[in-house]
Structure formats: C-alpha cells, structure tokens
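Take a look at the protein chain below.

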Amino acid sequence: LQVVRDQISHCTVKLRQTTGLMEYCLEVIKENDPSGFLQISDALIRRVHLTEDQWGKGTLTPRMTTDFDLNLDNAPLLQSIHQLDFVQMKVSSPVPAPPILQLEECCTHNNSATLSWKQPPLSTVQVEGYILELDDGNGGQFREVYVGKETMCTVDGLHFNSTYSARVKAFNKTGVSPYSKTLVLQTSEDTQSEEQTLPFPVPLERSQLRRMSPFSSTLNLQPSFPGRSYFELRSSAHQLSLHSSLQSLNSAGELIAWFSFDPASAHADIIFSNDNLTVTCNSYDDRVVLGKTGFSKGLHYWELSIDRYDNHPDPAFGVARIDVLKDAMLGKDDKAWAMYVDNNRSWFMHNNSHTNRTEGGITKGATVGVLLDLTRRTLTFSINEDQQGPVAFENLEGLFFPAVSLNRNVQV
C-alpha cells in the first residue's frame, strides 16, 4: 500500500506539470503577434516533444502486482500437530439449584414490591442470571418482570390492596433451574405507613396528608378522594361520566394512594422539608422532583398548593417517567406530560411541544390540581378548582409518577 501511495503521489505531480504545459501552449497559440510566436515556438515544440517521449516511460507502469509472494514455514506447526495426543473427556455441567427467597428482605410499600433471593449456601454451580416472575394479582398467569444478575428487584405500578404471587429461577449455559418456592405478597392497605391508603367510604372534606405549619413556604401535597371532584368540569357529559366512574370506584372498595416527594430520584438542587411534603429549590434553573408512588391503572387526583411565588417564574406540574430529565423544565423531553404556568396564562408541554395557551395563572396561595385517569388514559389540570384548558393529554399508557419542576422563586 505504501508503494502504491508513493506512485499515486508521483503520478499526481506529473499530471499537474503536464496539465500546466498544455494550458501554457494554449495561451501561446492565442498570440496575435507572429514575430513573438516565432521567437518561442521552437523551444515550446522541443519541450512538448520531450514531455511526450517521457510520459509513458516507467511512471505509468505498476510497481506492484496483485500477486503476493508468501513463504510460509509450516514445519514447526506440522511437528506440533503430529505430537498432539487427543483424549476425549466429558465434564458434566449441571443446571443451577433453585434460588431461595429471603423472606426477611422481601416487603411491599404502597403499590411497590421488593423481592430478594440468593443461591443455596452449599451450591457450587455457576449462575449467570435470574428470572423473576409475578402473576397479575388476580391468580392469573405468571409473567417475567426481571432478567439479570442482581439478587434484588423492586417492581412498581402494582395494584393497591392486591395479592401477588412471586417466584424466581436461576440459569446458566447448561439450562434453567427449577422455580423457587412461591412467595405471596400483599400490597399496602394499612394507614400506618408513610404513604398511606384509606378504605372507602371516605369523608368529603379535604384534609392534609400531615398537619402543616401555617407559615410553611413550600409546595404542599394535599390528598383528595375518589367520590368527589374538587374542580368543576365544564362539559356536563364529561362531568356526569366522571362522577359515575368515581361512584363505581367507591362502591368497588378501591383505596387511596398516599404519597410524598421522593428525595432519591430528585435533582440535587431540590430542597425538602415537612416530611418530604414540601419542596423548593436553591437554583434559578428549573429542577424536577417526582412523587414516590407510580401509577399504571386507575383514577388518581392530587393537589399542590403554591406557598411562595416570586418574580413570576414558570413552575410546571404533571406526570413523568422515572427516567425523566431532572435538570430542565418538566415536559422538555418525551418522558413528561405537564402544564407550565405563570401569573397570567398556562401551556401544556410534552417533548418540548407547547400547546393550548389558556388565560389564567397562579399566585401565592393558589392550588393546582392534577387528574390522571388511566382508565380513559387522559390527563387534566385545574387551577383553584376550575379546569384549566381542555383535556391536556390523551392515549397515556405505562407507569407515571407525579412530577413538578420549579426554581428558587417557587415553593410548593
């Protein structure tokens, strides 16, 4: 390759020189003074003949052929092959033993379940990974929820007040182990946990999740209950449908999901207080914080109170995936669905697309409501109990966490 590159370079230089000579000859032919032409014609003719004679001598002859002269000395290799002594051996490589679920480390929290397992203490078989399976919470078929090398897994988005069966198996190159013993888990329903649930019927009065300081200057989560809508829907047909669905939830004995803000998944600039029910920020840039509980089914409504609002910032409220961007306004990426609002108007935003500008903003003391209806797969917002704009988003599907983005000028 180096020889060919050198020849290409040499040919390129010669082509450039020859092209220059041709262009010079063309200019000389254009000479209008016959005497001037005769003075240089003999020298120019000799130069052209010389270039023509030397053009094909050596330069254009390939210096390399497509055939390569390879001399392989295979004598040492042949000698080694003749000295080989083959012995056939068959080593059994068994499948792993069934894993053991560690009951003391398995637990449920709200609608999440954490499971932990290990290999039997005396097992020496190599394990490449594990497969965790859960049923549908209603005695249905098992389905895979995790495949990997970890020995602990948390599953989010389960039904509240439901009983799930879990089992795990190990695998290696040889095959898959039998299942572990089946573990039965009950998702939360007692009111003693930090994220509480309450049975129906519930009082129509709104109540705080925890008692707040009257001088708190933060964003406080306020639970409300199925069976009552805390903002009027302008469409009477929608309103009737909503109350019908709420009543059916009430009669079915569904539970309320209590939650607080989640420090573990929030941006480092978020400041928590009031048992993680109140948040603000120490940055002028927008930062995102999520709620602890994710929702994948059902009808959910929560309110956020604006306890401080300075210099007209644009806080955003809505829902998001767990891996949403934490250092940008909610709705800037495709993992969040939000309404951002100032003191005069609001917009809906998803994947940095702004839609449905609506008059009406927020001030200190305002209340923002979020209605996530995963039965209809819609998201609707309210300000001070009045619906803000049309239905914000439709065709929602998957696991959603309550989400807020704010800066240091806002506390909620």
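The report below goes from the whole chain to single residues.

## Ground rules

This is a predicted model, in which local features need pLDDT of at least 70, side-chain atom pairs count only at pLDDT 80 or more, and totals for chains, interfaces and linings use all residues. Residues are numbered from 1 along each chain as its sequence is written, and side-chain values use heavy atoms, with hydrogens and water left out.

## The whole chain

The chain has four helices and 23 strands. Both are DSSP runs numbered from the N terminus: helices are H or I with at least four residues, strands are E with at least two.

The chain holds 412 residues, and 43% of them count as buried. Buried means under 20% relative accessible area, exposed means over 50%, and partly exposed lies in between (1.4 Å probe, protein chains only). The chain exposes about 23,500 Å², and carbon and sulfur atoms supply 52% of that area. Such areas come from the Shrake-Rupley method with a 1.4 Å probe; for residues, only the protein chains shown count as cover.

Now take the contacts (heavy atoms within 4.5 Å). Among those with a separation of 6 or more, 63% are between residues 24 or more positions apart.

## Cysteines

A disulfide is a covalent bond between the sulfur atoms of two cysteines. The search counts a pair of cysteine sulfur atoms within 2.5 Å. Across the whole structure, it finds zero disulfides. Cys 11 is partly exposed, at 23% relative accessible area. Cys 153 is buried, at 11%.

## Thr 358 in its strand

Thr 358 sits in strand 18, which covers residues 353-359. Its relative accessibility is 15%, so Thr 358 counts as buried. Leaving aside neighbours within four places in sequence, Thr 358 is in contact with Asn 344, Arg 345, Ser 346, Gln 388 and Gly 389. A polar atom of the Thr 358 side chain also lies 3.1 Å from the backbone oxygen of Asn 356.

## A nonpolar patch

Val 3, Val 4, Ile 8, Met 64, Phe 68 and Leu 70 form a nonpolar patch on the surface. Together they have about 620 Å² of accessible area. Patch residues have over 30% relative accessible area and no salt bridge; like charges are joined within 9 Å, and nonpolar side chains (Val, Leu, Ile, Met, Phe, Trp, Tyr) within 5 Å.

Phe 68 lies in the loop between helix 2 (34-55) and helix 3 (75-82). Phe 68 is exposed, with a relative accessible area of 64%.

## Salt bridges

Side chains of opposite charge can pair when their charged atoms come close. In a salt bridge, a side-chain nitrogen of Lys or Arg is within 4 Å of a carboxyl oxygen of Asp or Glu. The structure holds eleven salt bridges. One of them joins Asp 310 and Arg 308, with the closest N and O atoms 3.3 Å apart. Asp 310 is partly exposed, at 33% relative accessible area. Another pairs Arg 376 with Asp 373 at 2.9 Å, N to O. Arg 376 is partly exposed at 34%, whereas Asp 373 is buried at 4%.

Arg 377 and Glu 397 also meet, at 3.6 Å from N to O. Arg 377 lies in the loop between strand 19 (367-373) and strand 20 (378-383), and Glu 397 in the loop between strand 21 (386-387) and strand 22 (401-406), so the pair ties together parts that are 20 residues apart in sequence. Arg 377 is partly exposed, at 32%. Glu 397 is exposed, at 58%. Elsewhere, salt bridges that share partners join Glu 133, Arg 167 and Lys 169 into one network.

How values were computed:
Polar contact = N/O pair within 3.5 Å; in protein donor to acceptor, adjacent residues only side chain to side chain.
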